[in-house]
Amino acid sequence: VVVESASVAQEYGDLEIDADSPVNPDLLFDSQQPPMHLYVLTEKKVSKVKVQECSVYKTCWDCLGAKDPYCGWCSLENKCNLRSDCQDAANDPLYWISYKSGRCTTITTVNPDQLQKTTARTLDLAIENLPTLNGDFLCAFSALDKTLITNATRKSYGVNCTTPRTDLLPAIPAGHHHFTAKLSVRMTNGPDLVATNFTFFDCNTYSSCTECVSSSFPCDWCVDGHRCTHDTAANCRNDILVTG
């Protein structure tokens, strides 16, 4: 139980110590600061219980959602831990995020949020609660056992970065028309600060008009050229179009 004030308290965990044996109300913390263990006395034994299990929470939302007063999200290390274990936690409130703040670093939008695989673009990533950091930001695109890195620039709304060179992207698996990459923002030699999904598609993989224009991607069908394309101006000039 965490006591928030003289009138407010909430239970954040439930642990069985000794089945069918009541717990003695005289509990004792160890001498560490902050305390790491609690000594619990039941009818026939004394148990040494850890006061926190921060490491079991693998995402920021799980970490803060547990409402464990000992645990917070260490943005610079991308893990849930004690404030005392988070490097430079005192330098910025967003370096170590407590459950009371509820402010995980989050990518809210990516513009554009999908891209024809044979093209390259600059992406704008709107990011909430991005810590102020010294050094270079990077975008990492991870998919199909391959990770590609591009430089990113810090902006007032988040960051922007270019997509990888088209010839370096992995091939779309046979029988498919797209693949989804994990798009993450990180610092040089650091873990991911935040991540989301990003889709690379290829209109050229559709072989019929029906498949092309009914796909979930911005593809159009060139009637005379009998091809599906993302760029009608370049690929279907003076052709009859069926738009998706």
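In this predicted model, a disulfide, meaning a pair of cysteine sulfur atoms within 2.5 Å, joins C139 to C161, with an S to S distance of 2.2 Å. The torsion about this S-S bond is -90°, and the link of C139 and C161 is left-handed. Because C139 lies in strand β12 (residues 137-143) and C161 in strand β14 (residues 158-162), the pair ties together parts that are 22 residues apart in sequence; helices (H or I, at least four residues) and strands (E, at least two) are DSSP runs, numbered from the N terminus. C139 is buried, with a relative accessible area of 0%, and C161 is buried at 1%, where buried means under 20% relative accessible area, exposed over 50%, and partly exposed in between, for a 1.4 Å probe and protein chains only.

By the sulfur distance rule, the count comes to eight disulfides. Another of these is formed by C63 and C80, whose sulfur atoms are 2.1 Å apart, and this pair links distant parts of the chain, with C63 in helix α1 (residues 60-65) and C80 in strand β7, 17 residues apart. The torsion about the S-S bond of C63 and C80 is about 65°, so this disulfide is right-handed. C63 is buried, with a relative accessible area of 0%, and C80 also counts as buried, at 5% relative accessibility.

A disulfide likewise joins C74 to C86, S to S 2.1 Å. With C74 in strand β6 and C86 in the loop between β7 and β8 (96-98), the pair ties together parts that are 12 residues apart in sequence. The torsion about its S-S bond is about 80°, so the disulfide of C74 and C86 is right-handed, and both cysteines are buried. For C209, by contrast, the closest cysteine sulfur, in C212, is 6.6 Å away, which is too far for a bond; C209 counts as partly exposed, at 25% relative accessibility.

S75 is placed in the loop between β6 (71-74) and β7 (79-82), and S75 is buried, with a relative accessible area of 2%. A polar atom of the S75 side chain lies 2.7 Å from the backbone oxygen of L94. Apart from residues up to four places away in sequence, S75 touches L94, Y95, I97, T105, P131 and L193, contact meaning heavy atoms within 4.5 Å.

Residues are numbered from 1 along each chain as its sequence is written, and side-chain values use heavy atoms, with hydrogens and water left out. As the model is predicted, local features need pLDDT of at least 70 and side-chain atom pairs count only at pLDDT 80 or more, whereas totals for chains, interfaces and linings use all residues.

Notes:
Polar contact = N/O pair within 3.5 Å; in protein donor to acceptor, adjacent residues only side chain to side chain.
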